[in-house]
Every structure is written in C-alpha cells, then in structure tokens.
Amino acid sequence: MLAEYLLAMALSAAAGVRTEWDAVDVRTPEEWRVEVKSTAYLKSWAQSRQSVPTFGIAPTVSWDARTGTSAPEALRSSDVYVFCLLHHRDKRTLDPLDLGQWTFYVLPTKVLNTRCPTQKTIGLSSLLRLAPVRTDFAGLRAAVGSCAEAPRDPAPGAPAPTASSCPQEPPPAPALGLR
C-alpha cells in the first residue's frame, strides 16, 4: 500500500479514496492505468539472509470499478507496470519513508504481455533484462508518461512470445543454516 501511495503522489493521482479491488492500482488524470508492484531485500521479521527481490506479474481476471464488470479472461489491465524496490540493505537504518531508499523500474505492460504472457512472477535480474526505465522518485512522472504514451514494441525479428520467452531466474541458493 505504501508503494501505491508513493506512485499516486508522484503521478498527481492521490486525490480521494483509492478504489479497492479496481482493475489497476493507480489511475492518473491523463488516464494512464498503472499497476504497482513492490518488494524489498529486508522484511520486518527475522531473516537469516536478505530476500531475493521478486514481483508478481500474473494476468488476472479483474473487476473494473468504473463499469462494475469483470474481464472475461485473465489479462493485465494496465498500460504500465511500476516495480518499486526498497533497495536499502541495513535494517538498523531502514526507513521506507526515505524516498532515497527506493528505486523504481517502469515498463510498458505490452512488454510483459509479449515477453512473459503467462508468467506469474519475475525476479529483479529477469526484470532488468526486459530493459525497464530505472528512476528515482523525482523521475517517476516522466518515466511513467514515456512508457504509457509510447509503449515499446518487441525488437524486430523477435520470436513469437511464449511463456519461456521471459527471462527466467536461476533457482535460489540452498539455505546454509544448521538445524
């Protein structure tokens, strides 16, 4: 919820109360539809090691609050995905309200639909191979605008999309803790 609020503030879309269960997380005055995903290396619970950043990207059967209808099939309803990474790695000084501790990656939904049509999650390294726009909080509005207004097409000659077209994460290293 914090990441959604940060995005709404950056995009001048924080007026009023957020519509729960809407098809997208943020709707802007420009009518950009934005899906917000967030993760962090650090969690609030005890960790033996830092988390591997992973984001949910599964197509869903969504409900549109404006029309009161559900989509007939699972899809990604947004124009743009914004992946929010709380990148700070020192739990003693972690402050999610410090905008300098966040990195944002912006990607047209069309890229996910083309390269990862049925994939449910994506790790940070695989996301980076999709060439998202990397920005800080101050650059969010411009990054979202450029991706929403001019979605990127796949490279000429790119193979037809399949679930395996999306870069895959290597399996996580086994835990080394003793029991």
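The model is predicted: local features need pLDDT of at least 70, side-chain atom pairs count only at pLDDT 80 or more, and totals for chains, interfaces and linings use all residues. Residues are numbered from 1 along each chain as its sequence is written, and side-chain values use heavy atoms, leaving out hydrogens and water.

**Confidence**
- The protein chain averages a pLDDT (the predictor's confidence in each residue, from 0 to 100) of 83, and 81% of the residues score at least 70.
- Residues 151–166 stay under 50, with 27 contacts (heavy atoms within 4.5 Å) beyond four places in sequence.
- Residues 168–179 also stay under 50, with eleven such contacts.

- Strands are DSSP runs of E, at least two residues, and helices are runs of H or I, at least four, both numbered from the N terminus.
- Strand β7 spans residues 102–108, and seven of its seven residues are buried (under 20% relative accessible area, 1.4 Å probe, protein chains only; exposed is over 50%, partly exposed in between).
- Trp102, Phe104, Val106 and Pro108 lie on one side of β7; Thr103, Tyr105 and Leu107 lie on the other.
- Seven bridges join β7 to antiparallel β6 (residues 80–86); strands pair if DSSP finds at least two bridges between them.
- Val82 stands opposite Val106 in β7.
- Three bridges join β7 to antiparallel β9 (residues 133–135).
- Phe104 stands opposite Thr135 in β9.

**Leu2**
- Leu2 sits in helix α1 (residues 2–10).
- Leu2 is partly exposed, because its relative accessible area is 31%.
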